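Look over the sequence and the model, then read on.

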Amino acid sequence: MTISGPGILDGAPFERGQLNGLFLFNACRNITIDGVLLRDPDAWGATFARCDGLTIRRARLVGFWRYNADGIDLCNSKNILVENSFLRTFDDSLVVKGLGKTPFHSIDGAIPIDGLEENSQSAENILLRNNVIWCDWGRAMELGAETSAPEMKNIRFENSDIIRTTHIAMDIQHGDRAKISDVVFSDVRVEFDAQIPTPIYQNSDDQVYDPNADPNYCPELGYVVIYKGPWSVDQENGTVENVRFENIRVFGERKPRFVFLGLDPEHGVKNATLENVVVGDQKLSAENGLLPVVANEFVSGLEIK
């Protein structure tokens, strides 16, 4: 099946929860989406669950302003290509998830996606390349936070530009049981503005937002964590192995961090590599401390090249 543009899917006339996003595909095969503009979804913008064989190219995502307005969520899917697209989203922009038996969380009062049982399909063979991302709140490129799947492997974010992010540029947020392996962030350019508004949750209607609450605030550059979090549904935790951040260019005066956190000796991060990470015209090395690199005792095989 092919859906091609030019054309606009506009969720603006609909209240939150009326659409469940602009695209919601479940257990579909051999889909092509080309040249379509998505605007103002009621929740997650485009969700693909248990799909096999998906190509998205030349998509444009704009006007994502509502809470929890993710861009493209690839859930328990395989053999995926997303390329040559522009995503400006409020929440997480370009995401690989393992929903497993987790309800679909795009709206208040989550609804189940049929077939996402406990032994749900792995997420694998996913290439996300030549994209431009502007993320206003969450994470620009992410695996997680839902990682309920047997495996999540062979996933590449490649040759892309993150022109703005608020929390984390590139991350693996691992809260469930999947074995995550062979994930690469390659040839990614990340821009950090001279002034970055501080992200703050609003706790009351009369709370006044102060964008300079923390004038030194800087999003994380890379973040890999195994943990139990609010979106975790599996009793057991998983592992992360063979993660590479290579040919990463950072533009701006801020000094963002790389953070690697395993959960315990059995659920750790193994063989993470930072190779050719460049800030301005300087290359990160193990000796120069150009950017902070934080790792706990459950991380092994961390290399800076």
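Buried means under 20% relative accessible area, exposed means over 50%, and partly exposed lies in between, with a 1.4 Å probe and protein chains only. At 32% relative accessibility, Arg-88 therefore counts as partly exposed. This is a predicted model, in which local features need pLDDT of at least 70, side-chain atom pairs count only at pLDDT 80 or more, and totals for chains, interfaces and linings use all residues. Residues are numbered from 1 along each chain as its sequence is written, and side-chain values use heavy atoms, with hydrogens and water left out.

**The open sheet**

- Strands here are DSSP runs (E, at least two residues), numbered from the N terminus.
- Two strands pair if DSSP finds at least two bridges between them.
- Nine strands form an open sheet with parallel pairing, in the order β2-β4-β7-β10-β13-β15-β17-β19-β22.
- The edges are β2 (23-26) and β22 (293-295); each has a single partner strand, so one side of each is left without a neighbour in the sheet.
- From one strand to the next, the twist averages 5°; axes are lines fitted to C-alpha atoms, and angles run from 0 to 180 degrees between N-to-C directions.
- Six bridges join β13 to β15 (residues 168-174), and the two run parallel.
- Gly-144 has Gln-173 in β15 as its bridge partner.

- Strand β12 covers residues 132-135.
- Ile-133 and Cys-135 make up its covered face, while Val-132 and Trp-134 make up the uncovered one.
- In a regular strand the side chains alternate between the two faces of the sheet.
- Strand β9 (residues 86-89) runs parallel to β12, joined by four bridges.
- Phe-86 has Val-132 in β12 as its bridge partner.
- Strand β14 (residues 151-164) also runs parallel to β12, with three bridges between them.
- Trp-134 stands opposite Arg-164 in β14.

**Nonpolar cores**

- A nonpolar core is a set of buried Ala, Val, Leu, Ile, Met, Phe, Trp, Tyr and Cys residues joined through side-chain atoms within 4.5 Å.
- The largest core has 67 residues.
- Phe-48, Ile-72, Leu-74, Met-170, Leu-221 and Phe-245 touch the most other members.
- Another core, of six residues, lies apart from the largest one; Ala-145, Tyr-223, Tyr-227 and Val-259 are among its members.
- Contact means heavy atoms within 4.5 Å.
- Leaving aside neighbours within four places in sequence, Phe-245 is in contact with residues including Met-170, Phe-185, Phe-258, Phe-260 and Glu-275.

**Salt bridges**

- A salt bridge is a side-chain nitrogen of Lys or Arg within 4 Å of a carboxyl oxygen of Asp or Glu.
- The whole structure holds 19 salt bridges.
- Arg-66 and Asp-40 form one, at 3.1 Å from N to O.
- Arg-66 lies in the loop between β6 (60-62) and β7 (72-75), and Asp-40 in the loop between β3 (29-39) and β4 (46-49), so the pair ties together parts that are 26 residues apart in sequence.
- Arg-66 and Asp-40 are both buried.
- Asp-136 pairs with Arg-88, and their closest N and O atoms are 3.0 Å apart.
- Asp-136 is in the loop between β12 and β13 (139-147) and Arg-88 is in β9, 48 residues apart.
- Asp-136 is partly exposed, at 21% relative accessibility.
- Arg-244 and Glu-275 meet at 2.3 Å, N to O.
- Arg-244 sits in β18 (residues 239-251) and Glu-275 in β20 (residues 269-279), 31 residues apart.
- Arg-156, Glu-158, Arg-244, Glu-246 and Glu-275 are linked in a salt-bridge network.
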